[in-house]
Amino acid sequence: MSFSSDVKRELSRQLEMARHCQIAEIAGIINMCGQIISQSDKILVKVQTENPAVARKYFTLLKKAFNINVEVLIRRNTQLKKNRIYILVIRDSHQVEKVLLATGLIIKQNGYVYIKMEIDPLLTQSTCCKRAYIRGAFLGGGSVSDPEKTYHLEFVNATYKHSKQLQQLINSFGMDSKVIKRKKNYIVYLKEGEQIVDLLNIMEAHIALMNLENIRIMKEMRNNVNRMVNCETANLKKTVSAAVKQLQDIEYVDQIIGLHNLPSSLEEVAHYRIQHPDASLKELGTLLNPPVGKSGVNHRLRKISNIAERLRKKRGGQSYD
Ligand SMILES: [Zn+2]
């Protein structure tokens, strides 16, 4: 199951709400995945979805808010054989009118009916109904990417007008959704993890919200661990390459003048470095008698390197053997 269908399944289970919210949610669903079809003197409302949870929710909302038993047709998608398409149709003209007038999707003037596939401002006056409308719009035409991969949530709108209205509605909750045109559609989208969390909260998808938060925390921890490991690896590489250089210098000094000709403090540290090529400066310091701190060891090793450098110069400008 995708994260998107998890969210929709959770939203489809929310049924305890006031009638005004039920109507707002129905409007959101019809505006996103519905059609108002006028055939000669008749109008019918058709909602089409591949998601059974969305079909179930729409069916239940119509039953609760208007006491309508909507007709359900199931078709197989001919291209994708496993997918079913659920088509829910309201045919009875009395019922059609009841639903469309209440959702503000038609207006009647002087005996004429005007179809308005828009968000009726009267419908989304209160915060609860704003939330319900967004929920319906997500069920009808929304999707959210798997947060393990990327943060992206979008609503696919058929018209520019509806996309701008939906954007405004979402942004009235302090969000920063954007609109972009994709092929024939207008996409309202959110890109940041935090904004997606906020939108799930607006829609009251609390389980999905918690799952998303957990994934965000895990991702952040993984990033921190990776950063730490990278940093440690870099430090280790530095230590190793410094030790390699020290060993080269010590061996060179030994070959040319013999370590026994170095001052005893340098000879001692040189011997320990040969015996413990992987030890850190601090560890080498504890082996010395008396023990010496990290900077003391560094100082002595640097002196050896300077001697090696001088010897190399004397022997004809070669930097390395
Ligand atoms: Zn309400």
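Helices, taken as DSSP runs of at least four residues, and strands, taken as runs of at least two, are numbered from the N terminus. By that count the protein, seen here as a predicted model, has 11 helices and 10 strands.

The overall form can be considered before the details. While a compact globule of 321 residues would have a radius of gyration near 20 Å, the value for this protein is 36 Å, and its C-alpha atoms fill a box of roughly 115 × 35 × 35 Å along the principal axes. Of the 321 residues, 31% count as buried. Among the contacts with a separation of 6 or more, 60% are between residues 24 or more positions apart.

One part to follow closely is a sheet. Strands of a sheet pair through backbone hydrogen bonds, and they may do so in parallel or antiparallel fashion. Here four strands form an open sheet with antiparallel pairing, in the order β1-β2-β4-β3. Its edges are formed by β1, residues 34–39, and β3, residues 71–76, each of which pairs on one side only. On average, and with direction ignored, neighbouring strands of this sheet are turned by 25 degrees against each other.

Within the sheet, β2 (residues 42–49) and β4 (residues 84–90) run antiparallel and are joined by five bridges; Gln48 stands opposite Ile87 in β4.

Helices accompany these strands. Helix α2, residues 19–33, packs on the sheet, where it touches β1 and β2, and its direction makes about 85 degrees with that of β2. Helix α4, residues 93–102, lies across β1, β2 and β4, and runs at about 65 degrees to β2.

Methods
Residues numbered from 1 in each chain as written. Predicted model: local features only at pLDDT ≥ 70, side-chain atom pairs only at ≥ 80, totals over all residues. Rg over C-alpha atoms; globule rule 2.2 N^0.38 Å. Buried ≥ 20, exposed ≤ 12 C-beta atoms within 10 Å, placed from the backbone. Contact = placed C-beta atoms within 7 Å. Pairing = 2+ DSSP bridges. Axes fitted to C-alpha atoms, helices over the stretch in contact; angles between N-to-C directions.
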